[in-house]
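Please look through the model shown below and follow the questions on its strands, its helix and its aromatic rings.

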Amino acid sequence: MAELVLAAATPHNPLLWRAMREPYPPDLVAVEANFRRIREAIAEAEVDALIVLGTDHVRQFFADNSPAFIVGKAASYHGTYENEVRTFGMEYAELTGHPELAAQIAGREVLPEAIDFSVSHEWRLDHSFVLPLQYVRPELDLPIVPIHANAILPPLPSAARFAALGHHLRAAVESWDGGARVALLTSGHMATDVGGPRTFNGSPDPAFDAEAVGWMRDGDLDAAIAGCRFDRIMAAGNVTYQYVNIVAALAAMQGRPAELAEATTSRFASSPFFLWRSAS
């Protein structure tokens with residue numbers, strides 16, 4: 001049987017790709033170190049496949065067609081987008097898909113009881129998928145199953161739905177006879193505002209960051225769900241809802257305390273870094 005051996009969450013701020021170059025600027029040393037820690041954990045776990053949970057930034061999925069959760073079933077993927085190469089200096093990436101694991105997650109004949117998925121057989125991945133992979137698995141040699149969670153275009157799935165997603169991902173992996181070691185990689189934001197006076201001024205809501213780190217550090221899934229109300233999260237910043245991707249990771253790891261739980265400060269809004277490893 002397959003096993004979910006690790007879950008991790010990182011930032012996907014594309015400005016990091018341009019700013020975080022050797023010699024690392026002092027304010028980004030800790031950010032680079034946390035990416036490296038997760039990169040080493042994935043290597044040590046001898047992972048065979050990655051589920052990559054991210055949020056497409058209105059590039060592949062627009063307001064006229066925006067399901068809550070979409071599973072990629074393609075055999076290969078291209079990333080990223082021209083403006084991300086031009087603006088942030090990102091690099092294009094060619095990624096191998098894992099249709100077999102994707103079918104196991106999305107349902108082979110009928111949708112899972114826990115959650116309704118859409119599926120996509122053609123998908124160009126943006127920075128929320130490509131950038132974390134380029135930092136934690138720069139070889140880009142592991143097959144992936146991308147899952148888009150709508151955390152941008154209201155109406156949004158609630159935090160409880162993200163928890164249901166995490167529970168389902170664990171169950172789907174553990175019921176799969178693929179015999180693989182699978183990891184879940186997700187990304188998002190702590191309190192973050194894009195545009196307006198709170199941009200590039202550190203965290204716009206340190207109180208939210210501290211509380212959100214505590215939910216993962218303590219393994220308190222119920223508090224995370226209760227704390228991720230739409231009004232509270234939007235008060236912390238207009239793109240902060242992507243933090244809720246991390247609630248799915250906590251649920252997938254059965255609500256266990258994270259061994260790494262940090263909102264790493266830098267010139268940008270604080271960066272989320274969370275890591276769970278299987279006890280086995």
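Two strands pair if DSSP finds at least two bridges between them, and helices (H or I, at least four residues) and strands (E, at least two) are DSSP runs numbered from the N terminus. This is a predicted model, in which local features need pLDDT of at least 70 and side-chain atom pairs count only at pLDDT 80 or more, while totals for chains, interfaces and linings use all residues. Residues are numbered from 1 along each chain as its sequence is written, and side-chain values use heavy atoms, with hydrogens and water left out.

Q: In which sense do strand S1 and S11 pair, and which residue of S11 is the bridge partner of Ala 8?
A: Strand S1 (residues 3–11) pairs with S11 over 4 bridges, in the antiparallel sense. Within S11, the bridge partner of Ala 8 is Leu 275.

Q: Through how many residues does a hairpin join S10 to S11?
A: Strand S10 (residues 260–264) pairs with S11 in the antiparallel sense over 5 bridges, and Ala 261 stands opposite Phe 274 in S11. The hairpin that joins S10 to S11 runs through 6 residues.

Q: Which residues form one aromatic cluster with Tyr 135?
A: Tyr 135 is one of the buried residues of H5. Rings of Phe, Tyr and Trp (its six-membered ring) pair if their centres lie within 6.5 Å, where planes under 30 degrees apart count as stacked, over 60 as edge-to-face and the rest as tilted. The cluster that includes Tyr 135 also holds Trp 17, Phe 35 and Phe 273.

Methods. Buried means under 20% relative accessible area, exposed over 50%, partly exposed in between (1.4 Å probe, protein chains only).
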